[in-house]
Every structure is written in C-alpha cells, then in structure tokens.
Amino acid sequence: MALGLVASAAWAADKAPVALIIAQGGLGDQSYNDLADKGFKKALGETKLEGKEVESKDVVAQGENMLRRAADGGFGLIVDLEYSHGDAVKTVAKDYPKVDFSILNLVEPGANVASVLFKEQEGSYLAGALAAMVASDPKIKGIGPKPIIGVIGGTKSAGIDKFIAGYIQGAHDVDPKVEVKVAYSNNFGDPAIGHQMAKAMFDEGASIVYQVAGGTGIGVIQAAKETGHYAIGVDTDQDALAKGHVLTSMIKRTDLAVETVIKDYAEDKFPGGQTVTLGLKEDGVGLSPMTYTKDLIPAADLAKIDEMKKKIIAGEIKVWDVTSQGYPSWWPK
Amino acid sequence: MIDYVLAAAALLTTPLLLTAIGGLINRLGGIVNLGLEAMMLTGAYVALAMSSATQSWLVALLAALAAGGAVGLLFSLAVTRLEANEIVAGVGLNVATAGLIGFILKDYYHSSGTIRLPDVVMLPRIVLPGVAQIPIAGAILSGKDPLTWLSWALVPITAFVLSRTRAGLRLRAAGAAREAATALGLRPLAIRDASTIVAGALAGLAGAQLSIGVVGVFSVGMSGGRAFIALAAFYFGRNRPGLTAVGAALFGLFDAIQIYLQGRGVAPELMQMLPYIVVLVVLTAIGVGERKRRLLQGV
C-alpha cells in the first residue's frame with residue numbers, strides 16, 4: 001500500500017492488478033468474450049499491469065460471489081463482461097469503495113463504477129441496410145428472387161431486440177418492401193438449433209440471415225455455407241468462419257472498451273461514476289472489412305453504406321434504441 | 001413448407017429418439033438414468049474430435065458409442081455397486097461431465113465455449129433416388145443421416161428384443177424383481193450395468209448426430225436439455241418403444257413447426273412453448289385413455 005501512495009501515471013505497474021470477469025459462453029466463443037480478452041491482454045501488455053481472467057461455470061448465479069472474491073483478492077480494477085451482473089456490481093461496489101469496477105452494456109450507479117454502453121443499433125442499422133441492398137439484387141450469387149432477409153436472436157429481450165430493431169430500421173430505410181423475418185433461439189449455446197432456424201428462413205426465401213445469438217449463431221453461419229446463402233456475423237469479425245458466406249459482421253469493439261477502461265485506470269483517469277458510450281462515431285461498433293465478400297457487393301452499395309454511416313455520425317439519421325426508447329411502432333407484430 | 005417442416009422434424013427427432021430408446025431399456029432394467037445428458041455431451045465431443053483426427057465418420061460414431069457407453073458404465077457402477085442414489089448420481093454426472101469437458105476445451109483448445117476443428121467429416125446424407133422427388137415422403141425419408149435410420153430401425157428391434165427374446169425377458173426380470181431374478185441364477189446387477197451401457201452408447205450416438213450430423217462444431221451447451229425431453233418421452237411412453245417414438249417424434253415435429261412459424265412473425269414466447277405443451281396434452285390424453293380402458297376391464 002505504501003507503494004500505492006507514490007504511484008503515478010508513469011509507474012502504472014505499481015497499481016493493483018486487473019480482473020476480467022468472463023460472460024456466459026466463456027473464452028473461445030470466437031465472439032464477445034474472446035474479443036474483450038484481446039483488449040484486456042493488449043492493455044495489460046502496454047500498461048505493464050498484472051491481470052487475470054475470471055471464469056465460472058455458473059456465471060449468472062455466481063455473480064456477486066465472483067465479484068467479492070476478486071475484490072478480496074487484491075484486484076484494483078474489476079471489469080465485468082456479464083450482462084446479468086448489474087445488481088451484483090452495484091452491491092459489491094458499495095462494499096468495496098477502494099476498488100474500481102467497470103460493467104459493459106449496462107449503467108450502474110456508484111462513484112467507483114464506470115459503465116460502458118455500445119450503440120449496437122447503429123452497427124446493426126448498417127448491417128440491415130447492406131442486407132436489404134444485396135438481397136434486392138438477384139444477380140448476386142446466392143440471392144433469391146424475393147427481397148427477404150432474416151435475423152435470429154438468442155433470447156427475446158431488450159438487449160437483443162436493440163440489435164434487431166436497428167437491423168429492421170436500416171433495411172426498411174433502404175426499401176420498405178424488404179421483408180425481415182425475426183426469430184429467437186432461446187439459447188446462446190446450441191448451434192444445432194441455430195442451424196435449423198436459419199435453414200427454415202432460407203427455405204422460406206430469405207437470402208441473408210443476421211445472427212445475434214452467440215454460439216447458437218455458429219450454426220446459422222454453417223447453414224448459410226451449406227445452402228449457398230449468406231449470414232451476417234456479430235460482435236467479432238466472423239467473416240472467416242465461412243469465407244464468402246458471411247456477408248459482413250457487425251463488430252462490437254469490446255476490446256476497445258476494455259482497453260480504454262484499463263488504460264484510464266492505469267493513468268489514474270478512471271471514469272468512475274460515468275457512462276462511456278461507444279457508437280459509430282467512436283469506432284466502437286461498425287461493419288467488418290468484408291475481406292471475402294467485398295468483391296461480390298456492388299461498389300455503389302458500399303458507397304451508400306459509407307454515406308449512411310456519415311449521416312448517423314452527423315445525427316441526420318437517428319437509429320432507434322430499444323433499451324432507452326422501448327419498442328417502436330413499426331416493431332413486427 | 002410442409003416439406004421443410006417434415007425434413008427438419010426428422011432431424012430434430014433423431015437425438016431424442018436414440019436417447020429415449022436407450023433410457024427406456026435402462027429403465028426396464030431398473031435404473032432411471034438422469035445422466036443421459038452427460039453421455040450425450042460426451043458423445044458429441046468425442047465424435048467431433050475423432051472425425052477431425054481420423055476423417056472417418058464411422059470411426060467417429062464408434063468412438064462416440066464407446067465413450068457414451070463408458071460414461072454409462074461409470075454411472076451404473078456407482079448406482080449398482082456403490083448404491084448411490086440414481087437421481088443424485090445422474091444429476092451429479094451431468095454437472096461433472098460438463099465441467100470436465102469444459103476443462104479439456106480450455107486446457108487443450110484454449111477455448112471454453114465452442115470449438116471448430118479442421119477437416120471434420122460430417123455424417124453422409126443418404127439421398128434416395130426416386131423417393132427424393134416425391135412430396136412429403138421425400139422430405140421425411142430422403143437426405144437423412146445413418147443415425148436417423150438407425151434410430152427408427154431400433155424402435156421395432158427394441159420392441160421385439162424386449163418382448164420376444166431371452167435377453168429382453170431377463171432384462172425385465174432384473175428390473176422388476178431383482179430377488180426373483182437372482183433365485184433363477186441370473187446376475188441382475190450385471191444385467192443392469194449392461195442396460196446402462198446400451199443407454200449410454202445410444203446417448204453418445206445422439207450427441208454425435210448433433211455435432212457431426214447437423215452443424216460440425218461442438219459447444220458445451222450443445223446437448224441443450226435434450227436428454228430430459230427424451231426422459232419425458234420414454235416415461236410417458238410407458239416402456240413401449242412405439243409410444244416412446246411417438247412422443248419423441250411429436251416433440252421433434254412441433255419444434256420444427258415452432259421454428260418455422262417464428263419466421264412468419266408469430267409471437268416467439270408462445271411458439272417456444274408449443275412442443276412442450278403438445279407433448280403434455282397428447283401424453284395426458286393417452287394416460288386418460290389407458291386409465292379408462294383399465295377401469296372398464298376391471299368392471
């Protein structure tokens with residue numbers, strides 16, 4: 001502790017280590033957790049801080065326990081990736097005022113709590129717009145005669161419907177006649193169900209299906225590859241999972257969020273009590289570089305997506321946010 | 001539309017049916033196997049790993065069968081020899097197996113959720129020339145993997161073995177009257193163990209169908225509670241393979257229907273309940289019918 005008194009930004013290594021609490025799905029999900037972990041490792045490398053990932057088989061029920069153990073274990077900053085840990089972070093942060101906490105995707109009160117939000121709806125809007133343009137062009141390989149696209153969510157909840165609403169809005173801003181099929185798998189770790197659901201949509205004439213369902217979504221991508229249609233990945237760049245069959249991925253820069261929070265902590269600038277929002281403007285969300293598909297997509301479409309992105313950043317296009325605005329009137333019945 | 005739903009229903013039914021048949025045999029032998037989920041998950045993992053390692057789906061299936069059977073034997077020994085409570089042992093096995101496989105994924109593949117392996121050979125889909133073009137029949141019969149055929153072939157085979165063969169009668173004796181079986185010179189505990197090995201092996205194959213039959217990846221949540229649906233199927237199927245198959249197929253069919261209807265904008269919360277409700281209603285109706293018949297016979 002005496003060392004802590006003389007610590008300064010230049011001597012970040014003197015600060016207490018950082019814990020990263022891994023969300024449901026675990027490390028190796030090739031998605032949310034893995035990306036966050038990448039940012040975690042990068043930040044540790046650059047700040048020379050010590051740190052450790054914390055996993056549990058029962059992440060949801062063990063929330064408070066994990067946080068208390070980490071706080072007792074001498075960690076100075078605890079970054080929690082699990083969406084269901086909101087209450088636990090609030091409670092534990094109150095009991096450990098000297099420890100800094102950061103929670104992703106939620107806003108929780110407390111002078112030692114930094115909340116990080118993503119505007120997933122903005123990235124999903126671009127994904128929906130691109131899907132609508134591509135699905136309306138039957139000349140493109142794998143596109144059916146009717147402009148139909150789909151989206152499969154992990155559960156029916158505001159956190160997931162935020163993506164879905166953005167996707168529908170983007171698609172309908174391109175062409176209101178594009179049909180968007182919506183379904184939920186009720187499971188984030190069952191690729192077999194994701195596979196069946198996606199096949200059902202393709203069978204019904206959909207050409208492109210966006211997956212917002214973690215591990216279940218791996219099955220969606222597999223189904224796109226098998227049937228010769230397209231999937232849209234989520235959270236990380238999943239384009240390489242089925243080269244040429246993942247149209248794009250809606251990337252959520254969890255790595256950037258974790259990295260920023262840790263660096264701020266290392267430099268004694270931890271945004272305690274604040275909410276950090278990362279959208280298109282901050283490069284916190286966005287579409288993948290489309291390494292394997294950009295030659296398939298007409299250049300005019302890509303240019304239009306760029307234009308839409310600029311309009312969203314400028315505030316000319318307002319994307320609906322289910323988590324703060326509730327459900328829009330145009331939500332599919 | 002009907003074609004799609006039926007084709008999907010056939011695929012969704014396979015793991016349920018394989019597991020339910022195994023569970024039924026096990027139950028007749030005197031053990032209610034709550035650990036089938038663990039055996040299914042083991043089979044799913046082993047099949048994917050072996051398919052990637054050997055590029056042979058047949059070797060992968062045999063490995064899944066052996067691995068499921070081995071986990072079954074472990075469970076059985078705990079119950080029959082150490083007299084562990086079968087419910088506690090079964091649930092404990094599910095938790096322990098998921099934990100162990102999670103550990104292997106983390107330690108060996110540096111992943112704790114989902115793994116994709118290189119060069120995985122999927123189960124072949126058997127396309128029946130001539131049948132494939134026929135509406136409905138083509139969707140149900142053509143383009144299915146070998147395990148789907150096996151699962152349905154097992155229905156009459158199991159019924160025959162259970163009612164008409166010495167092995168089947170001995171199994172039922174070991175399950176229904178242990179002392180009497182012992183008096184006849186049988187070894188009921190060994191028979192029970194054998195029935196659990198069969199159940200584990202079939203659950204292992206069910207897992208293989210998920211990992212190398214449908215998607216080609218493995219995920220720790222892959223079994224997704226399917227063994228418990230299978231449990232419901234053989235419980236309400238009252239130890240009869242035919243009725244058990246009806247239960248499994250009903251669930252598969254309505255799961256396919258709910259998936260299909262969701263894409264058409266029907267409320268997802270309602271749709272996801274559908275398969276469970278239908279199975280409950282049908283099985284209750286069967287139960288009520290049986291009761292009535294028995295009462296009538298009694299008079």
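In what order do the 6 strands of the open sheet in chain A stand? The legends below take this predicted model view by view, starting with that sheet.

**View 1. The open sheet of chain A, strand by strand.** The strands follow the order 7-6-8-9-10-12, and their pairing is mixed. At the edges you will find strand 7 (179-184) and strand 12 (285-287) of chain A; each has a single partner strand, so one of its sides has no neighbour in the sheet. From one strand to the next, the twist averages 15°.

**View 2. Strand 6 meets strand 7 in chain A.** Here strand 6 (residues 148-153) and strand 7 of chain A run in the parallel sense, paired over 6 bridges. To get your bearings, look for Gly153(A), which stands opposite Tyr184(A) in strand 7 of chain A.

**View 3. Helices packed on the sheet.** Helix 5 (residues 120-135) of chain A touches strand 6, strand 8 (208-212), strand 9 (230-235), strand 10 (246-252) and strand 12 of chain A. The direction of helix 5 makes about 170° with that of strand 10 of chain A. Helix 7 (residues 191-203) of chain A lies across strand 6, strand 7 and strand 8 of chain A, at about 160° to strand 6 of chain A.

View 4. The domain assignment divides chain A into domain 1 (2-118 + 254-278) and domain 2 (120-251 + 298-325).

Key. Residues numbered from 1 in each chain as written. Chains lettered and ligands numbered in written order. Predicted model: local features only at pLDDT ≥ 70, side-chain atom pairs only at ≥ 80, totals over all residues. Domains from an automatic or database assignment. Pairing = 2+ DSSP bridges. Helix = DSSP H or I, 4+ residues; strand = E, 2+ residues; numbered from the N terminus. Axes fitted to C-alpha atoms, helices over the stretch in contact; angles between N-to-C directions. Contact = placed C-beta atoms within 7 Å.
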